[in-house]
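Subject: A structure for you to look at

Hi there,

Please open it first, and then read my notes below.

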Amino acid sequence: MNYKIIDAHAHLWLHQDTEVNGKKIKTMEGGRSLFMGEIRQMVPPFIVDGRNTAEIFLSNMNYAQVSAAVITQEYIDGLQNEYLRKVEREYPDRFLCCGMVDARKEGFLPHARQLVEQGFKAIKIPAERLIMPDRRVYLTSNEMMQMFKLMEEHDLIFSVDLYSGAEQVDEMKEIIAECPNLRIAIGHFGMVTRPDWQEQIKLARNKNVMIESGGITWLYNDEFYPFTGAVWAIKEAASLVGMDKLMWGSDYPRTITAITYRMSYDFIVKSNLLSEEEKAQFLGRNAESFYRFSKLIDLPYIKNMSE
């Protein structure tokens, strides 16, 4: 490969201990977690203490020749702001970390201001979690819009995962209209494989909106490697908004309970459906520009013992 790779969607945590919709999520042993009433393999079983640390991820990144990663957040992991501030301080050229507020309840704006003051370059909202069994928080609420204007003023990125289909697309259109200079990264490739996923992709027709593919191998898990359907979806999205609007993301570490980290992108590298230029854009060049990475490192290929 004659290009550098950037992962636009990954997660880190020291432990999980939280609730979503009143259901407990808590780290156990052997890489497992109690997850909303059942036991799930949250990380690979060799991570015996469940600590999904930056150092373990860096080892995976170095092996897979991934130069840098964007660390996003999700309510199912609990707020990881304190740990992620430490990670970005220690590895500034390898990680861009998103802060997160708990927007499921009112009064989060002061916390957003604190995250800005602490130097976070992005704030994540797992917007699909705002549609709850008993109520809904709209992305266009007064407090939300105040936060987005604050982020626009300070040039922070808005990282967001939307509910399946077009459920929250109109809200996003209002945000884009009100905050035209707010940089936005929409995750999970628009929840591809779900009906009307293209409506989320079309939001990237706006100048400061990008789409990242975190979770795409999860969404195509039934098809499995080499995820040909996912490549065709990438081509369809490119036909709607242009390949320069699309970025690769892995959704590490949850996705590597099924595949290796390198497999989460090498199905792109090995595909004959995309040109070399398209691969370079999707796997790193677009993210390098959007997230303003600099000093990306070169990583050598290390042969496996099985080779």
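This is a predicted model: local features need pLDDT of at least 70, side-chain atom pairs count only at pLDDT 80 or more; totals for chains, interfaces and linings use all residues.

Residues are numbered from 1 along each chain as its sequence is written, and side-chain values use heavy atoms, with hydrogens and water left out.

**The sheet**

Four strands make an open sheet in the order β2-β3-β4-β5, with antiparallel pairing. Strands (E, at least two residues) and helices (H or I, at least four) are DSSP runs numbered from the N terminus, and two strands pair if DSSP finds at least two bridges between them. β2 (17-20) and β5 (38-41) each have a single partner strand, so one side of each lacks a neighbour in the sheet.

Walking across the sheet, β2 is joined to β3 (residues 23-27) by 4 bridges, and Glu19 sits opposite Lys24 of β3. Next, 3 bridges link β3 to β4, with Ile25 facing Phe35 in β4. These two strands form a hairpin with 4 residues between them, and Gly30 in the turn has a positive phi of about 70°. β4 then pairs with β5 over 4 bridges; here Leu34 has Ile39 as its bridge partner. That hairpin has 2 residues between the strands, and Met36 takes a positive phi near 50°.

Buried means under 20% relative accessible area, with a 1.4 Å probe and protein chains only.

**The helix pair**

Helix α3 (residues 109-117) packs against helix α4 (residues 142-153) at an angle of about 10°, their axes 10 Å apart. The two are therefore roughly parallel (angles under 35 degrees). On the α3 side the contact (heavy atoms within 4.5 Å) includes Leu109 and Val116, and on the α4 side Met147 and Leu150.

Val160 lies in strand β9 (residues 157-161), and it counts as buried because its relative accessibility is 0%. Ile125 is 35 residues away in sequence, yet 5.1 Å from Val160 in space, C-alpha to C-alpha. Beyond neighbours within four places in sequence, Val160 touches several residues, among them Ile125, Met172 and Ile186.

Happy exploring!

Conventions. Axes are lines fitted to C-alpha atoms, for helices over the stretch in contact, and angles run from 0 to 180 degrees between N-to-C directions. Angles under 35 degrees count as roughly parallel, over 145 as roughly antiparallel, 65 to 115 as roughly perpendicular and the rest as oblique. Buried means under 20% relative accessible area, exposed over 50%, partly exposed in between (1.4 Å probe, protein chains only).
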